[in-house]
Amino acid sequence: MFTRGFSSFLQILGKPLVSFVMSLGYFSQFVAKSVYNCFVPPYYLKLFFAQFMSIGFYSLPVVGLTTLFAGMVIAIQTYSGISEYGAENVVASVVLISVTRELAPVLSALMVAGRIGSAMAAEIGTMRVTEQIDALVTLSANPFRYLIAPRVWAAVIVMPLLVLFGDVIGIFGGYLVGVYKLDFNPANYIINTMNNLTSVAIVMGVVKAAVFGFIIAIMGCYHGYRSKGGAQGVGEATTNSVVTSSILILIFNYLITEMFFSR
Amino acid sequence: MAKENKIEIRNLYKSFGKKKVLDGVDLDVKKGESLVVIGGSGTGKSVLIKCIQGLLTPDSGSIKIDGEETIGTGKDVHKKMGMLFQGAALFDSLSVWENVAFTLLENDKISRSAAKNEAVRVLRQVGLAPDVADLSPAELSGGMQKRVGLARAIINKPEIIFFDEPTTGLDPIMADVINDLIIESAKGLGASTLTITHDMASARKIADRIAMLYQGKIIWTGTVKEMEKSDNPYLQQFIAGSSHGPIKVEI
């Protein structure tokens, strides 16, 4: 009686565990194959530039707006919290540190994950369910080199550029609030910002952005590549790509921050 | 003298979980022959064609092309092959001519203008006007998409062409047009063809030989004439399209 109960308990526990381990195996294999094929010719430059434009140029408005308002909010929040302690200096430096180290990389990545990760999953997923990926193979084109490598390269290269753009816009948002709402001296605000600008903050933001770019592209491609079952499968792939890449972005954000500050 | 085998399949097994899809398939396609594999939905026809193409890895068995083993050898056999997919599987992001000339642009690295000229020539061959070349696949009807898919399959003059349900979803007249194009293209190239279908009108028209796949096994092979005279109850039920007989349909 006890043995049977224990056995069925193990079965209940075992099935999802086996399924989880199998998914992890498929995912690891997919990542290894993707990374390997990023460095093996042929390189599809035209496809890379198309992705570069799609991820980078067309994400400028959404990244700009997000970081602008994030910088503005941080300026107000900081001022309201510490107005009695010489806020002019503190607001500029808090905006700078928050935007360059955290807000620009994380918010930009989450926005791009929503905009681009989902689009990658949907496009590759549709190609999978309509046999276009099989067609690529029959035409002697490696789908990892043709579809995935250009997306991964483009995301890894363009995300740091987007984040640098977000840094500038976010700091500008803080400046707008500081100067036009809180009546700070514009020259002082800029001097305070420049005095607190460190290479570590910029490097950390750029490193985070490159890692986040990789996560967004890999998760988008992975879920698209493994999608099945028609429109519903593509829909699931899209959702899963956004959810998993958003969670991984937040986890890796902590890990990279920890890595920089544990030195 | 008997013709040489272009494709030789022996003891091919493929399962998905507990479901056995191919259960020891033995099949030959001879040089220049048009072989049609018939069978109901879900009998493993598409799995068979995908195993030969290397899109699926069989559990065990042997697939030889021109006498050379292809399973587990990592050989790129696709340069000898062309395939017309059931839904044409045209790339949405490319124009019609870029779809047709895909292999010329990506593998043979010929100039875009030369590739376009060749694509337009092959499009004409399958009955499409040159002005179709610059359209996107989404702008084409189902029949036109099949023709473009056929043009893409034959542009690199393959020795073997696969047709996956070539007439599915087409009206009878367009289906007959596609059948004629398949015959012309294969004869023109001297290619061996393997077609999977459950459209018996199409099978009768394009087949030199027919094989029937049932429950993962080839249960009958022969010519069209032999098929009409066969007393195999499974084959007779299938070609008659009857719900009564040894083939039980799961509802």
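**Chat on helix, sheets and core**

User: Which residues in α1(B) are buried?
Analyst: In this predicted model, the buried residues of α1(B) are Lys45(B), Val47(B), Leu48(B), Ile49(B), Lys50(B), Cys51(B), Ile52(B) and Gln53(B).

User: What follows α1(B)?
Analyst: Gly54(B) does, with a positive phi near 80°.

User: Switching to sheets. What is the order in the open sheet of 4 strands?
Analyst: The order is β2-β1-β4-β5, in chain B, and the pairing is antiparallel. At the edges stand β2 (19-30) and β5 (68-69) of chain B; each has a single partner strand, so one side of each lacks a neighbour in the sheet.

User: How many bridges between β4 and β5(B)?
Analyst: Strand β4 of chain B, residues 60-65, pairs with β5(B) over 2 bridges, in the antiparallel sense. Within β5(B), Glu69(B) is the bridge partner of Lys64(B).

User: What about the open sheet of 6 strands, what order and pairing?
Analyst: That sheet, also in chain B, runs β6-β7-β8-β3-β9-β10 with mixed pairing. Its edge strands are β6 (81-84) and β10 (217-222) of chain B, and each pairs on one side only. On average, neighbouring strands are turned by 20° against each other, direction ignored.

User: Do β6(B) and β7 run parallel or antiparallel, and over how many bridges?
Analyst: β6(B) and strand β7 of chain B (residues 160-164) run parallel, joined by 4 bridges. Opposite Leu84(B) stands Phe163(B) in β7(B).

User: Now the largest nonpolar core. Which residues touch the most other members?
Analyst: The core has 137 residues, and those touching the most other members are Ala109(A), Ala155(A), Met159(A), Ile216(A), Val100(B), Ala119(B) and Leu123(B).

User: Which helix gives the most to this core?
Analyst: Helix α4 of chain A (residues 87-129), with 19 residues.

User: And what does Ala109(A) touch?
Analyst: Leaving out residues up to four places away in sequence, Ala109(A) touches Met159(A), Ala209(A), Phe212(A), Ile216(A) and Ile249(A).

User: Last topic. How many residues of chain A are in contact with chain B?
Analyst: 10 residues of chain A are, and they contact 15 residues of chain B.

User: What is the side of chain A like by class?
Analyst: The side of chain A touching chain B has 4 nonpolar, 4 polar and 2 charged residues.

Conventions
Residues are numbered from 1 along each chain as its sequence is written. Chains are lettered from A and ligands numbered from 1 in the order in which they are written. This is a predicted model: local features need pLDDT of at least 70, side-chain atom pairs count only at pLDDT 80 or more; totals for chains, interfaces and linings use all residues. A nonpolar core is a set of buried Ala, Val, Leu, Ile, Met, Phe, Trp, Tyr and Cys residues joined through C-beta atoms within 7 Å. A residue is buried if 20 or more other C-beta atoms lie within 10 Å of its own, exposed if 12 or fewer, and partly exposed in between; C-beta atoms are placed from the backbone. Two residues are in contact if their C-beta atoms, placed from the backbone, lie within 7 Å. Ala, Val, Leu, Ile, Met, Phe, Trp, Tyr, Cys and Pro count as nonpolar, Asp, Glu, Lys and Arg as charged, and the others, Gly among them, as polar. Two strands pair if DSSP finds at least two bridges between them. Axes are lines fitted to C-alpha atoms, for helices over the stretch in contact, and angles run from 0 to 180 degrees between N-to-C directions.
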